[in-house]
Amino acid sequence: MSRLLVTGGAGFIGVNFVRGWLARHPADRCVVLDALTYAGRRESLDGLDSRPGFRFVQGDIRDRGTVEGLLREERTHIIVHFAAESHVDRSIAGPEVFVDVNVRGTQVLLEAARAVWLAGDGMPHRFHHVSTDEVYGSLEPGEPAFTEVTPYAPTSPYAASKAAADHLVRAYHRTFGLSTSISNCSNNYGPFHFPEKLIPLCIVNLLEGKALPVYGDGKNVRDWLYVEDHCLGLERVLADGRPGETYNIGGRCEKTNLEVVTTLCRMVDEVFAGEPRLRSRFPQAPPSRGQMCESLVRLVQDRPGHDRRYAIDPTKIEHELLFEPATSFEAGLAATVRWFIEHEAWWRSILAGGAYREWMSRQYAPRKA
């Protein structure tokens, strides 16, 4: 029986990981620690409270007493560390909280784990840190994809804070002997994705008949990974990954932002064509008004330091752990569109929040001529 502490388990990837883990390992114990800041949604974990292996604790990873207490009380031997401030735009607007949560928070977790797991004769354990491809910086067209030995070159406060956290995790392995691992993933998408990121924002805006903001010329390239595939990759790392190692988890799926948005437009057009009942539910959506979804695409002023291209080379995890994503981009995107249509109450509760509305209203300015 595995006993996990999942930090940030009420956030996008964390929720999918917890739900998937408990579905595949029903006898295990999974404790979620989440501060429930703006992107952590307690309702995303609805339905799990009745399971004997699940527990939710609202708390901050920077509170060492809380973390140590949970590790001792629950006899936890695996930490899966998702908790982080993760939006590049927000890190540009306010870098301080990113350093505090992503760097200091990770160090507090590592100290708590060291105090509990390495005391006395020690105990078998694993501290897994979930990181990002953004720590590697930006690629130009034609350059080889990021590997686990690509030098770090972060360009945003968010990416820099995640890079610092990665270095701390490696240091605690080398210096103190803590059994750690790191994964750097490409852009995730899927259910429970907070609607400030590109894909969920565009889906929600299409259903509401609002503009689809695309930074710059729309040709920035990202490598896309369906969130359920990412979670399965994490399970492979936890099961068979070597302590002290880093594994890149990517989708081998490079798309420009404009390609992603136009694909979403086509999919929503097709869904509405096949299900006329949706027109009464979403009367402002372009298909409900006899228009094509692409009519809402708007190029907006680029953000500072916008990385041109990310691409992950997942050869190591493919060869060493025999893991490859199972979901094509088309299938994953279609499933994501369907999830947002079927979970309207979830995203409408977010849109109703004053802080969210205020942030989005000032975030996207029309592109200057």
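1. Seven strands make up an open sheet, ordered S3-S2-S1-S4-S5-S6-S10, and their pairing is parallel. Strand S3 (54-58) and strand S10 (246-249) form the edges, each pairing on one side only. From one strand to the next the twist averages 20 degrees. Two strands are taken to pair if DSSP finds at least two bridges between them. Strands (E, at least two residues) and helices (H or I, at least four) are DSSP runs numbered from the N terminus.

2. Basis of the model. This is a predicted model, in which local features need pLDDT of at least 70 and side-chain atom pairs count only at pLDDT 80 or more, while totals for chains, interfaces and linings use all residues. Residues are numbered from 1 along each chain as its sequence is written, and side-chain values use heavy atoms, with hydrogens and water left out.

3. Confidence. The pLDDT, the predictor's confidence in each residue from 0 to 100, averages 94 over the chain, and 96% of the residues score at least 70. Residues 365-369 have a pLDDT below 50, and this stretch has 10 contacts in the model beyond near neighbours in sequence. Contact here means heavy atoms within 4.5 Å.

4. Strand S1 within the sheet. S1 is mostly covered, with five of its five residues buried. Buried stands for under 20% relative accessible area, exposed for over 50%, and partly exposed for values in between (1.4 Å probe, protein chains only). Arg-3, Leu-5 and Thr-7 are buried on one side of S1, and Leu-4 and Val-6 are buried on the other. In a regular strand the side chains alternate between the two faces of the sheet. S1 pairs with S2 in the parallel sense over five bridges, and Leu-5 stands opposite Val-31 in S2.

5. The S6-S10 end. Strand S6 (residues 180-185) pairs with S10 in the parallel sense over four bridges. Ser-183 has Tyr-247 in S10 as its bridge partner. Tyr-247 is also among the contacts of Lys-316, together with Glu-148, Arg-242, Glu-245, Thr-246 and Leu-321, leaving aside neighbours within four places in sequence. Lys-316 itself belongs to helix H10 (residues 315-320). Its side chain makes a polar contact of 2.5 Å with the side chain of Glu-245. A polar contact is a pair of N or O atoms within 3.5 Å; within protein, one must be able to donate a hydrogen and the other to accept it, and residues adjacent in sequence count only if both atoms are side-chain atoms.

6. Helices across the sheet. Helix H2 (residues 64-74) lies across strand S1 (3-7), strand S2 (29-34), S3 and strand S4 (78-81), and runs at about 170 degrees to S2. Helix H4 (residues 95-117) lies across S1, S4 and strand S5 (126-132), at about 165 degrees to S5. These angles run from 0 to 180 degrees between N-to-C directions, with axes fitted as lines to C-alpha atoms, for helices over the stretch in contact.

7. The buried side of H2. Val-67, Glu-68, Leu-70, Leu-71 and Glu-74 are buried in H2. They lie on the same side of the helix because they cover an arc of only 160 degrees around the axis, the arc being that of the directions from the helix axis to the C-beta atoms. The buried residues of H2 pack against S1, S2, S3, S4 and H4.

8. The ends of H2. At the N-terminal end, Asp-63 caps H2, with a side-chain oxygen 3.2 Å from the backbone nitrogen of Gly-65. Just after H2, Arg-75 takes a positive phi of about 55 degrees.

9. Most residues other than glycine have a negative phi. Arg-75 lies in the loop between H2 and S4 and is exposed, with a relative accessible area of 52%. Arg-252, with a positive phi near 50 degrees, lies in the loop between S10 and S11. Arg-252 counts as exposed at 52% relative accessibility.

10. Three strands form an open sheet in the order S7-S9-S11, with mixed pairing. Its edge strands are strand S7 (187-189) and strand S11 (254-256), each of which pairs on one side only. The twist averages 50 degrees from one strand to the next. Strand S9 (residues 221-226) pairs with S11 in the antiparallel sense over three bridges, and Asp-223 has Glu-254 in S11 as its bridge partner.
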